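Here are a few exercises to work through with the structure open beside you. Try each task before you read its solution.

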Amino acid sequence: MVQTRHYELERKEREALIQQIGVGKPVAKFKWDRGHKDGPEIHVITDTAMIIIYNAITNRHCTTLIARPGQIRRYYEMVGKTAPKYLVDLAYEHQKMGYNKR
């Protein structure tokens, strides 16, 4: 996976925790366009409640986040669906442990 310089240099602690938890397998994918100067993104939600973010144009890995429950819900609400309870619950457990603050 090709990563951005930002991720390689500034996200080592988070990446180590993500590897410990497990990246998981993709369960949903959402196009995200907030007008970023580098273009739209693809956000992939995994079964371990991670959000893997890629640039939609270059396909470069921008970052991986340990999701919060609200984030998971918003992705699904954006497309008119309800987020799977197990994902929201897992994200809540990660949040209680403080994992998403890294």
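This is a predicted model: local features need pLDDT of at least 70, side-chain atom pairs count only at pLDDT 80 or more; totals for chains, interfaces and linings use all residues.

Residues are numbered from 1 along each chain as its sequence is written, and side-chain values use heavy atoms, with hydrogens and water left out.

**Exercise 1. Get the overall layout.**
Work out what pattern the chain follows along the sequence, and what share of its residues is buried.

*Solution.* 
Step 1: Read along the sequence and you get α-α-β-β-β-β-α-α.
Step 2: Of the 102 residues in the chain, 40% are buried. Buried means under 20% relative accessible area, exposed is over 50%, and partly exposed lies in between (1.4 Å probe, protein chains only).

**Exercise 2. Trace the strand pairing.**
Find out how many bridges join strand 1 to strand 2, strand 2 to strand 3, and strand 3 to strand 4.

*Solution.* 
Step 1: Check the rule: two strands pair if DSSP finds at least two bridges between them.
Step 2: Strand 1 and strand 2 run antiparallel and are joined by six bridges. Here Trp32 has Glu41 of strand 2 as its bridge partner.
Step 3: Strand 2 (residues 41-46) and strand 3 are also antiparallel, with five bridges. Val44 sits opposite Ile52, and Ile45 is opposite Ile51. Three residues lie between these strands in the hairpin, where Ala49 has a positive phi near 65°.
Step 4: Strand 3 pairs with strand 4 (residues 61-66) over five bridges, again in the antiparallel sense. Ile53 has Thr63 as its bridge partner. This hairpin has five residues between its strands, and Asn59 in the turn shows a positive phi of about 65°.

**Exercise 3. Look at both sides of strand 3.**
Decide which residues of strand 3 are buried on each side.

*Solution.* 
Step 1: Recall that side chains in a regular strand alternate between the two faces of the sheet.
Step 2: On one side you find Met50, Ile52 and Tyr54, and on the other Ile51, Ile53 and Asn55, all of them buried.
Step 3: Since six of the six residues of strand 3 (residues 50-55) are buried, the strand is largely enclosed by the rest of the structure.

**Exercise 4. Explore the core.**
Which residues touch the most other members of the largest nonpolar core, and what does Phe30 contact?

*Solution.* 
Step 1: A nonpolar core is a set of buried Ala, Val, Leu, Ile, Met, Phe, Trp, Tyr and Cys residues joined through side-chain atoms within 4.5 Å.
Step 2: The largest one has 16 residues, and Phe30, Ile45, Ile51, Ile72, Tyr75, Tyr76 and Leu87 touch the most other members. Strand 1 (26-32), strand 3, helix 3 (69-78) and helix 4 (85-96) each give this core at least two residues.
Step 3: Zoom in on Phe30, which is in strand 1. Phe30 counts as buried because its relative accessibility is 6%.
Step 4: Contact means heavy atoms within 4.5 Å. Beyond its neighbours within four places in sequence, Phe30 contacts residues including Ile45, Tyr75 and Tyr76.
Step 5: Phe30 and Tyr76 are 46 residues apart along the chain, yet their C-alpha atoms are separated by 8.6 Å.

Terms used. Helices (H or I, at least four residues) and strands (E, at least two) are DSSP runs, numbered from the N terminus.
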